[in-house]
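Student: I have a new model open and want a quick tour. Can you walk me through it?
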Amino acid sequence: MLKDYMGVISLSEDESNIRSLTVHRPIASIPIFARYRVIDFMLSNMKNAGITNVGIFVNSASRSLIDHIGTGKPWDMNRKNDGVFIFNRYLNAAVNNDIKLLKNNLEFLYRSKKTRLL
(Lines give C-alpha, C1' and ligand atoms only; values in the text may rest on other atoms or scores of the structure.)
Protein backbone atom coordinates (compact mmCIF):
# COMPACT_ATOMS: atom_id res chain seq x y z
CA MET A 1 0.00 0.00 0.00
CA LEU A 2 1.11 3.54 -0.71
CA LYS A 3 -0.24 5.21 2.44
CA ASP A 4 2.62 7.72 2.66
CA TYR A 5 2.26 8.87 -0.96
CA MET A 6 0.23 11.64 -2.52
CA GLY A 7 -0.94 11.65 -6.13
CA VAL A 8 -0.80 14.44 -8.69
CA ILE A 9 -2.85 14.25 -11.88
CA SER A 10 -1.89 16.79 -14.53
CA LEU A 11 -4.54 17.19 -17.21
CA SER A 12 -2.38 19.00 -19.74
CA GLU A 13 -3.10 16.91 -22.79
CA ASP A 14 -3.43 18.01 -26.40
CA GLU A 15 -7.16 18.29 -27.11
CA SER A 16 -6.90 19.37 -30.75
CA ASN A 17 -7.77 15.94 -32.19
CA ILE A 18 -11.07 15.66 -30.31
CA ARG A 19 -11.96 19.33 -30.07
CA SER A 20 -15.66 18.69 -30.70
CA LEU A 21 -15.82 16.66 -27.46
CA THR A 22 -13.67 19.00 -25.38
CA VAL A 23 -15.11 22.41 -26.21
CA HIS A 24 -16.74 22.78 -22.79
CA ARG A 25 -14.93 20.13 -20.74
CA PRO A 26 -11.48 18.57 -20.27
CA ILE A 27 -10.74 15.10 -21.61
CA ALA A 28 -10.91 13.73 -18.06
CA SER A 29 -14.64 14.48 -17.83
CA ILE A 30 -15.68 12.89 -21.13
CA PRO A 31 -18.39 10.29 -20.41
CA ILE A 32 -17.70 6.57 -20.85
CA PHE A 33 -20.71 4.22 -20.86
CA ALA A 34 -22.91 7.17 -19.79
CA ARG A 35 -22.11 6.72 -16.10
CA TYR A 36 -18.36 6.94 -15.76
CA ARG A 37 -15.81 9.56 -16.77
CA VAL A 38 -12.18 9.15 -17.84
CA ILE A 39 -10.98 10.56 -14.48
CA ASP A 40 -12.81 7.75 -12.62
CA PHE A 41 -10.23 5.20 -13.76
CA MET A 42 -7.30 7.30 -12.54
CA LEU A 43 -8.91 8.01 -9.16
CA SER A 44 -9.97 4.37 -8.70
CA ASN A 45 -6.43 3.18 -9.40
CA MET A 46 -5.04 5.62 -6.83
CA LYS A 47 -7.65 4.64 -4.25
CA ASN A 48 -6.96 0.91 -4.78
CA ALA A 49 -3.24 1.58 -4.33
CA GLY A 50 -3.93 3.21 -0.95
CA ILE A 51 -3.40 6.84 -1.98
CA THR A 52 -5.83 9.13 -0.16
CA ASN A 53 -4.51 12.57 -1.15
CA VAL A 54 -4.78 13.59 -4.82
CA GLY A 55 -4.25 16.95 -6.51
CA ILE A 56 -5.80 17.39 -9.96
CA PHE A 57 -4.42 20.21 -12.13
CA VAL A 58 -6.79 21.28 -14.91
CA ASN A 59 -5.86 23.76 -17.64
CA SER A 60 -9.26 24.29 -19.23
CA ALA A 61 -12.89 24.68 -18.20
CA SER A 62 -13.27 22.44 -15.18
CA ARG A 63 -16.91 22.91 -14.18
CA SER A 64 -18.02 19.47 -15.41
CA LEU A 65 -15.05 17.83 -13.67
CA ILE A 66 -15.80 19.56 -10.38
CA ASP A 67 -19.48 18.61 -10.64
CA HIS A 68 -18.59 14.97 -11.28
CA ILE A 69 -15.91 14.55 -8.61
CA GLY A 70 -17.69 16.61 -5.96
CA THR A 71 -16.25 15.82 -2.54
CA GLY A 72 -14.61 12.57 -3.66
CA LYS A 73 -17.01 10.35 -1.74
CA PRO A 74 -17.23 7.56 -4.39
CA TRP A 75 -13.47 7.00 -3.93
CA ASP A 76 -13.55 7.47 -0.14
CA MET A 77 -11.49 10.65 -0.50
CA ASN A 78 -13.87 12.99 1.32
CA ARG A 79 -11.70 13.51 4.37
CA LYS A 80 -11.05 16.22 6.89
CA ASN A 81 -7.32 15.99 6.13
CA ASP A 82 -6.15 15.26 2.60
CA GLY A 83 -8.63 14.05 -0.06
CA VAL A 84 -9.22 15.31 -3.62
CA PHE A 85 -8.22 18.84 -4.62
CA ILE A 86 -8.79 20.46 -8.01
CA PHE A 87 -6.54 23.33 -9.11
CA ASN A 88 -7.31 25.49 -12.13
CA ARG A 89 -4.11 26.01 -14.08
CA TYR A 90 -6.26 28.08 -16.42
CA LEU A 91 -5.97 30.95 -13.95
CA ASN A 92 -2.16 30.77 -13.88
CA ALA A 93 -1.00 31.74 -17.36
CA ALA A 94 2.65 31.45 -16.25
CA VAL A 95 2.37 27.67 -15.84
CA ASN A 96 3.89 26.05 -18.92
CA ASN A 97 5.17 22.70 -17.71
CA ASP A 98 4.93 20.29 -14.80
CA ILE A 99 7.88 21.75 -12.86
CA LYS A 100 6.31 25.20 -12.86
CA LEU A 101 2.96 23.62 -12.04
CA LEU A 102 4.38 22.07 -8.86
CA LYS A 103 6.36 25.20 -8.00
CA ASN A 104 3.26 27.40 -8.24
CA ASN A 105 1.31 25.04 -5.98
CA LEU A 106 3.90 24.25 -3.32
CA GLU A 107 1.42 25.02 -0.56
CA PHE A 108 -0.58 21.92 -1.57
CA LEU A 109 2.56 19.83 -1.19
CA TYR A 110 3.59 21.40 2.12
CA ARG A 111 0.15 21.14 3.72
CA SER A 112 -0.23 17.45 2.94
CA LYS A 113 0.37 14.96 5.71
CA LYS A 114 1.87 12.58 3.14
CA THR A 115 5.64 12.46 2.79
CA ARG A 116 6.14 11.16 -0.75
CA LEU A 117 4.93 12.29 -4.16
CA LEU A 118 3.67 9.85 -6.78
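Student: Let's start with a loop. Where does F33 lie?

Tutor: F33 lies in the loop between β2 (31–32) and β3. Helices (H or I, at least four residues) and strands (E, at least two) are DSSP runs, numbered from the N terminus.

Student: Is F33 buried or exposed?

Tutor: F33 counts as exposed, because its relative accessibility is 74%. Buried means under 20% relative accessible area, exposed over 50%, and partly exposed in between (1.4 Å probe, protein chains only). Its phi is near 55°, a positive value in a residue other than glycine.

Student: And A34, what is its phi?

Tutor: Phi of A34 is near 65°, again positive in a residue other than glycine. A34 lies in the loop between β2 and β3. With 73% relative accessibility, A34 counts as exposed.

Student: Before I go on, what am I looking at here?

Tutor: This is a predicted model: local features need pLDDT of at least 70, side-chain atom pairs count only at pLDDT 80 or more, and totals for chains, interfaces and linings use all residues. Residues are numbered from 1 along each chain as its sequence is written, and side-chain values use heavy atoms, with hydrogens and water left out.

Student: What pLDDT does the protein average?

Tutor: The average is 76, and 80% of the residues score at least 70. pLDDT is the predictor's confidence in each residue, from 0 to 100.

Student: Which stretch has a pLDDT below 50?

Tutor: Residues 91–95. Beyond near neighbours in sequence, that stretch has six contacts in the model. Contact means heavy atoms within 4.5 Å.

Student: Which elements have the lowest and the highest mean pLDDT?

Tutor: Strand β6 (residues 116–117) has the lowest, at 60. Helix α1 (residues 38–48) has the highest, at 88.

Student: OK, zoom out. How many helices and strands?

Tutor: Four helices and six strands. From the N terminus on, the order is β-β-β-α-β-α-β-α-α-β.

Student: How much of the protein is buried?

Tutor: Of the 118 residues, 36% are buried. The accessible surface is about 7,600 Å², and 52% of it belongs to carbon and sulfur atoms. Those areas come from the Shrake-Rupley method with a 1.4 Å probe; for residues, only the protein chains shown count as cover.

Student: Contacts between residues at least 6 apart: what share join residues at least 24 apart?

Tutor: That share is 70%.

Student: Now the inside. How many residues are in the largest nonpolar core?

Tutor: It has 15 residues. I9, I39, L43, V54, I56, L65 and I69 have the most contacts inside it. A nonpolar core is a set of buried Ala, Val, Leu, Ile, Met, Phe, Trp, Tyr and Cys residues joined through side-chain atoms within 4.5 Å.

Student: Which elements each supply at least two residues of this core?

Tutor: β1 (5–11), α1, β4 (53–58) and α2 (63–69).

Student: What is I39 in contact with?

Tutor: Skip its neighbours within four places in sequence. Then I39 is in contact with I9, A28, I56, L65, H68 and I69.

Student: Stay on α1. Which residues there are buried?

Tutor: I39, D40, L43 and M46. Seen down the axis of α1, they fall within an arc of 130°, so they line one face of the helix. The arc is that of the directions from the helix axis to the C-beta atoms.

Student: What covers them, and what is on the other side?

Tutor: The cover includes β1, β3 (36–37), β4 and α2. On the other side of α1, N45 and N48 are exposed.

Student: What follows α1?

Tutor: G50 follows α1, and its phi is positive, near 95°.

Student: Switching topic. Where is D82 found?

Tutor: D82 is in the loop between α2 and β5 (83–88). D82 counts as buried because its relative accessible area is 13%.

Student: What does its side chain make a polar contact with?

Tutor: The side chain of N53, at 3.4 Å. A polar contact is a pair of N or O atoms within 3.5 Å; within protein, one must be able to donate a hydrogen and the other to accept it, and residues adjacent in sequence count only if both atoms are side-chain atoms. N53 lies in strand β4 and is buried, with a relative accessible area of 0%.

Student: Last one, G83. Buried or exposed?

Tutor: G83 is buried, at 0% relative accessible area. Its place is in strand β5. Leaving aside neighbours within four places in sequence, G83 is in contact with T52, N53, V54 and M77. G83 and V54 are 29 residues apart in sequence and 6.1 Å apart in space, C-alpha to C-alpha.
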